[in-house]
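I opened my notebook to look through a structure that is new to me. Here is what I looked up, entry by entry.

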Amino acid sequence: GINAEYGIVRKGLAGKGFGLESANNGYIRHRNFEAWVDAAQVNQDLYRNDSSFTVEAGAAGKGISLRSVNYPEHLLRHANSVMWIHKSNGSDLYKKDASFEVVEWTHESEEFIGLEVGQQIKLRSVNYPNHFVSRLPGGRVAISDSGVGNVWIVRKGLAGKGFGLESANNGYIRHRNFEAWVDAAQVNQDLYRNDSSFTVEAGAAGKGISLRSVNYPKHLLRHANYVMWIHKSDGSDLYKNDASFEVVVVEAGGSEESTSTVRLESWNFAYAEKKMSGVTSMSVKSQHSNAACALGVSYGFDGEKIWVDKGCRADFTVTRRTG
């Protein structure tokens with residue numbers, strides 16, 4: 001059973017999501033829908049899949065929820081104080097049982113949700129999917145579709161916690177009077193170190209990630225009128241969308257990307273797919289079905305195709321590597 005008070009965040013052994021490794025050896029994995037810590041069996045496909053989870057906004061409206069990679073309709077939840085993976089029954093009790101708050105995060109492995117120190121990434125706006133967080137001439141940070149200044153290098157947080165995003169043109173994203181700027185690195189100044197450090201959490205919009213200021217922990221990095229700021233939440237859906245970003249990893253060699261709109265429909269709740277290689281992200285642009293469209297549950301992608309299921313019908317924004 002599970003009784004460890006803390007775990008180490010690792011990349012998912014299944015090649016997606018992440019795993020939680022016990023300090024006593026072994027990962028949290030599901031076995032007959034019960035959660036166990038079994039000694040690591042990294043060469044076994046079943047173990048790798050059973051021990052990998054994706055992270056999303058907490059089902060209860062706060063914290064995070066952990067979704068099984070190989071049983072994507074199931075969240076990790078507690079029942080009678082024991083951990084399981086269960087399908088939702090729609091109840092408030094289930095939502096609360098499947099939601100957890102991260103109390104402490106140390107980065108021994110230099111890994112974060114969807115990020116790794118040294119990676120080059122782009123951050124795509126959830127609600128403006130053709131726009132990426134970008135450094136403008138003069139250093140102001142905004143979301144832009146210009147294709148310029150939108151590559152960031154993931155660094156350990158200069159404040160000693162969280163992480164920082166370093167521009168390829170020198171300097172880190174930092175907040176200054178609540179506005180986001182790229183200023184030349186001033187690593188010996190406490191204010192700069194704190195202003196340029198953020199913690200990562202599940203996206204406030206229910207997808208992607210959100211970036212929380214280390215020294216203003218009630219404030220998330222968000223865009224407003226295309227310009228980036230740190231703001232407190234006002235509880236609105238607009239704020240949640242403005243503060244959520246999808247991570248696009250820039251492959252070595254600098255592959256080019258293209259974005260297009262694709263309609264894909266699951267009629268009569270049947271599975272449907274479209275061959276499409278090199279897809280790096282997929283999000284709902286315009287939904288046409290009453291049935292829910294949820295990434296990894298009723299729509300998704302892999303290296304060779306995009307797909308829908310369970311009655312999801314929508315126009316999707318799809319980004320592909322073309323180089």
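**Entry 1: a helical pair.** I started with Arg 193 and Asp 190, which sit 3 residues apart in helix α3 (residues 190–195) and are therefore separated by about one helical turn. Helices here are DSSP runs of H or I with at least four residues, strands are runs of E with at least two, and both are numbered from the N terminus. Arg 193 forms a salt bridge with Asp 190, with the closest N and O atoms 1.9 Å apart. A salt bridge means a side-chain nitrogen of Lys or Arg within 4 Å of a carboxyl oxygen of Asp or Glu. Arg 193 is partly exposed at 21% relative accessibility, and Asp 190 is partly exposed too, at 49%. I noted the scale: buried is under 20% relative accessible area, exposed is over 50%, and partly exposed is in between (1.4 Å probe, protein chains only).

**Entry 2: what I am looking at.** This is a predicted model, where local features need pLDDT of at least 70 and side-chain atom pairs count only at pLDDT 80 or more, while totals for chains, interfaces and linings use all residues. Residues are numbered from 1 along each chain as its sequence is written, and side-chain values use heavy atoms, leaving out hydrogens and water.

**Entry 3: the overall picture.** I found 4 helices and 28 strands in the protein. Of its 323 residues, 44% are buried.

Entry 4: How many salt bridges does the structure hold? I noted 18. In helix α1 (residues 45–50), Arg 48 and Asp 45 are 3 residues apart, so about one helical turn separates them. Their salt bridge has its closest N and O atoms 2.0 Å apart. Lys 87 pairs with Glu 73, at 3.3 Å between the closest N and O atoms. That pair links distant parts of the chain, with Lys 87 in strand β8 (residues 82–87) and Glu 73 in the loop between β6 (64–68) and β7 (74–79). I also marked a network of salt bridges linking Arg 29, Arg 31, Asp 38 and Asp 50.

**Entry 5: the cores.** A nonpolar core is a set of buried Ala, Val, Leu, Ile, Met, Phe, Trp, Tyr and Cys residues joined through side-chain atoms within 4.5 Å. The largest one has 20 residues, and Leu 123, Val 133 and Met 228 are among those with the most contacts inside it. Elements giving it two or more residues include β11 (120–125) and β21 (227–232). A second, separate core has 14 residues, including Ala 272 and Tyr 299.
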